[in-house]
2 protein chains.
Amino acid sequence: MKGTNLGELEEIVLLIVANLYDHAYGILIKNEIEAKCNRSITISTVHNVLQRLQEKGFLSSRYSEPTKERGGKRKLLFTVTASGQTALNTIKEMREKLWSGIPKVAFE
Amino acid sequence: MKGTNLGELEEIVLLIVANLYDHAYGILIKNEIEAKCNRSITISTVHNVLQRLQEKGFLSSRYSEPTKERGGKRKLLFTVTASGQTALNTIKEMREKLWSGIPKVAFE
DNA sequence: TTTAATTTCGCTTTTGTCGAAAAAATAATT
DNA sequence: AATTATTTTTTCGACAAAAGCGAAATTAAA
């Protein structure tokens with residue numbers, strides 16, 4: 001890989017951000033992953049992946065305004081870029097092609 | 001991950017082995033990946049992944065008889081195990097669920 | 001100054017990647 | 001027939017990228 005590929009977790013995070021549309025930020029993303037993917041993950045891992053996805057150009061980000069709740073500092077909100085959408089579609093089509101080529105008898 | 005997860009490349013290799021059914025071995029797998037996934041990969045990479053998939057219990061292997069062509073030494077043939085099939089199905093369903101939850105407006 | 005929500009930092013383990021060496025078979029040469 | 005070359009295939013050793021975590025830093029309200 002040369003920094004352009006989409007890792008297994010990166011793909012999941014990208015899909016979750018797309019699910020969350022306008023509200024995607026660290027902790028919410030973490031919670032959504034745990035809920036929808038039945039998998040535990042720490043917030044540092046999420047942020048690590050988020051940053052990598054942005055460096056790859058698959059996500060963009062902006063800061064929200066602080067909220068009025070206690071500790072409600074501004075959030076870093078993420079959005080899937082056109083390039084990120086393309087990456088998701090590409091890998092999806094590739095996998096669909098592979099699945100369609102599997103004969104009935106292929107498994108033990 | 002504790003040796004039970006399926007990496008991005010591992011999943012591709014598993015799908016390719018399923019595609020090849022009874023004939024899956026190193027070089028053929030390499031060629032199929034390059035043909036169907038539009039991606040170049042070395043034979044050492046393929047063998048490395050095959051070994052890890054076997055350690056994870058997602059593949060089993062056996063040796064073929066040598067063939068009569070020049071250099072035709074015995075091949076290590078791979079088959080997807082029941083556990084491997086389950087892993088593939090699980091991640092497939094999870095992604096389908098995520099895709100179905102994406103609103104139309106989700107991309108930039 | 002305490003507490004809460006959030007992001008950033010430094011570090012380790014697992015995956016992905018490759019070049020080169022080893023092994024095992026047939027073909028060619030002496 | 002013995003040795004050497006060539007071909008197909010797998011194994012080995014090393015390094016880079018992705019996945020993962022705990023703890024520190026930041027920023028807001030109480």
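Where in chain B is the place of Ser40(B)? The model described in these legends is predicted.

**View 1. Ser40(B) and its surroundings.** Ser40(B) sits in the loop between α2 (26–37) and α3 (43–55) of chain B. This residue counts as exposed because it has 9 C-beta neighbours inside 10 Å, and the limit for an exposed residue is 12 or fewer. Tyr63(B) is 23 residues apart from Ser40(B) along the chain, and 26 Å separate the C-alpha atoms of the two.

**View 2. The protein surface near DNA strand C.** There are 39 residues around DNA strand C, and those that come nearest are Gly26(A), His47(A) and Gly71(A) from chain A with Gly7(B) and Ser44(B) from chain B. At least two residues of this surface are supplied by each of α2 (26–37) and α3 (43–55) of chain A and α1 (8–20) and α3 of chain B. With 5 residues, α3(B) gives the most. Sorted by class, the surface near DNA strand C holds 16 polar, 13 charged and 10 nonpolar residues.

**View 3. The protein surface near DNA strand D.** Around DNA strand D there are 36 residues, of which Gly7(A) and Ser44(A) of chain A and Gly26(B), His47(B) and Gly71(B) of chain B come nearest. Here α1 (8–20) and α3 of chain A, along with α2 and α3 of chain B, each supply at least two residues. The largest share comes from α3(A), with 5 residues. The classes present near DNA strand D are 16 polar, 10 nonpolar and 10 charged residues.

**View 4. The contact between chain A and chain B.** Chain A puts 27 residues into the contact, and chain B puts in 27 residues. On the side of chain B that touches chain A, two or more residues come from each of α1, α2, β2 (76–80) and α4 (82–100) of chain B. Among these elements, α4(B) provides the largest share, 6 residues. This side of chain B has 16 nonpolar, 7 polar and 4 charged residues.

**View 5. Packing of α1(A) with α3(A).** The two helices pack at an angle of about 85 degrees, and their axes are 10 Å apart. Angles of 65 to 115 degrees count as roughly perpendicular, so α1(A) is roughly perpendicular to α3(A). From α1(A), the contact is made by Leu9(A), Glu10(A), Val13(A) and Leu14(A). Facing them from α3(A) in this contact are Val46(A), Val49(A), Leu50(A), Arg52(A) and Leu53(A). By class, 7 residues of the contact are nonpolar, 2 are charged and none is polar.

Technical notes. Residues numbered from 1 in each chain as written. Chains lettered and ligands numbered in written order. Predicted model: local features only at pLDDT ≥ 70, side-chain atom pairs only at ≥ 80, totals over all residues. Helix = DSSP H or I, 4+ residues; strand = E, 2+ residues; numbered from the N terminus. Buried ≥ 20, exposed ≤ 12 C-beta atoms within 10 Å, placed from the backbone. Near = placed C-beta within 6 Å. Nonpolar A, V, L, I, M, F, W, Y, C, P; charged D, E, K, R; others polar. Contact = placed C-beta atoms within 7 Å. Axes fitted to C-alpha atoms, helices over the stretch in contact; angles between N-to-C directions. Parallel < 35°, antiparallel > 145°, perpendicular 65-115°, else oblique.
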